[in-house]
Amino acid sequence: MSIDFFLDLAIIIVAAKSLGILARFIHVPQVVGEIIAGLLIGPSVLGLVSQSDFLNQMAEIGVIMLMFVAGLETDLKDLKKTGVAAFFIACAGVLLPLIGGYLLYSIMYGFAAVGTDDFFKAVFIGVIMTATSVGITVQALREMGKLKGKVGTTILSAAIIDDVIGIIVLTFVIGFKNPDAHPFMVVINTVLFFVFAVVVGLLLYFLFKWLDNRFPHRRRLPIYAFAVCLGMAYIAEAWFGIADITGAFVAGIIFCNIRDADYIARKMDINSYMLFSPIFFAGIGLKTQFDNMTWSLLWFCILFVAVALVCKVIGCGLMAKACHFSGGDSLKIGVGMMTRGEVALIVSQKGLAIGLIPAEYFAAVIMLIIVSSVVTPILLKLLYKRSQKGGDVSDEELPDSQAPQTVSP
């Protein structure tokens, strides 16, 4: 048995964590540094580490853990408090980028017949654009003292709903991509999975609630919860033919309201932070190829970033305006929803794994994450500064009891 994978893991961990810390130091998301680390040590630059089945499987565990924690950190009570406004803003923030991504790919490479591989490629480009990651937005709002304001609360809740809708859309697209799948059966299987998740989820919720009361803060709780996560990931793909990450996310939702949900998430984070997440994010860099970069692909990457940002601002901003936010606050909400991060990478990884997109398109996703992470805080600060000069006080502070404290995955 070859033991080269030990050296690969050592290189990945050191490179990913070192560049991740450097990225955080210059106020860029840590995942950006980890992706760049994968680019540097991968075949495209230094060639220190190559892809392997082992690394791909470890990365798959990493993405399952990330989605499980994302579900655990979803606060269903906060979603209820924000009402229908955040829901409609999230829907617009998914629909317009989905259409924009489809049109961008189709205009550049030709409109394909419905059901063909090129058609699903175009739709999947739109699916990648739907994801929102507001970690950077949250930090900017916190620095300005606006996180608990009306705008901050709406952005947080809309981003959570946005990711849930995006995962559902991904589930349908992957189901329809299967050449043996009938559209009607895809819908039926998806509905059956969520019915299964609700029934089994309620039973598991009450079981773990009892275990939580009987054995609070015991390590057996996160161990059993993670076993459920892996089981749900398997059941989602093997039994219902939908994405395994959907099952992992649903498992997190099941446990998000038990008393020790934060304790479970922290225990998951330890393993994820030390090993699995660096492998996943560095793996994105390993898979990103620049050898096949052409002028056409470069233009696509630039337009991909522009369309993804503009569609979020327009979709979320206009819907916020329709929900009776002021013009200034609507623009802030649109800009705050621009950032992309882990979920976009997870969706892209899943598309690559099932053959929906080639590896060179990762370059466009990485560009989007970097640009949105840098531009969003700058624009938000400018917008708040302008509104303060104009005497705009519409973004009022909400009572602590009404302001969500969670950060969107």
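Guide: The largest nonpolar core comprises 123 residues, and those with the most contacts inside it are Phe-68, Phe-255 and Phe-304. A nonpolar core here is a set of buried Ala, Val, Leu, Ile, Met, Phe, Trp, Tyr and Cys residues joined through side-chain atoms within 4.5 Å, where buried means under 20% relative accessible area, exposed over 50% and partly exposed in between, with a 1.4 Å probe and protein chains only. This is a predicted model, in which local features need pLDDT of at least 70 and side-chain atom pairs count only at pLDDT 80 or more, whereas totals for chains, interfaces and linings use all residues. Residues are numbered from 1 along each chain as its sequence is written, and side-chain values use heavy atoms, with hydrogens and water left out.

When neighbours within four places in sequence are left aside, Phe-255 is in contact (heavy atoms within 4.5 Å) with Phe-68, Leu-72, Leu-204, Phe-208, Ala-225, Val-228 and Ala-261.

On a 1 Å grid over the protein atoms alone, a cavity is a set of points where a 1.4 Å probe fits but cannot get out, a pocket is an open set with protein on both sides within 12 Å along at least five of seven lines, and lining residues have an atom within 4 Å of a point. Grid points are joined across faces, edges and corners, and a volume is the space filled by probe spheres set on the points.

Gln-51, Leu-55, Asn-56, Ala-59, Ile-279, Gly-283, Leu-286 and Lys-287 line the largest cavity. Both α3 (53-72) and α12 (261-287) supply at least two residues each to this lining, and α12 gives the most, with four residues.

Also in α12 is Ser-277, which is buried at a relative accessible area of 8% and, leaving aside its neighbours within four places in sequence, is in contact with Glu-34, Leu-66 and Ser-272.

The second largest pocket holds about 540 Å³ of space and is lined by 20 residues, of which Leu-76, Val-198, Val-250, Ile-253 and Ile-254 lie nearest its centre. To the lining of this pocket α9 gives the most, with six residues.
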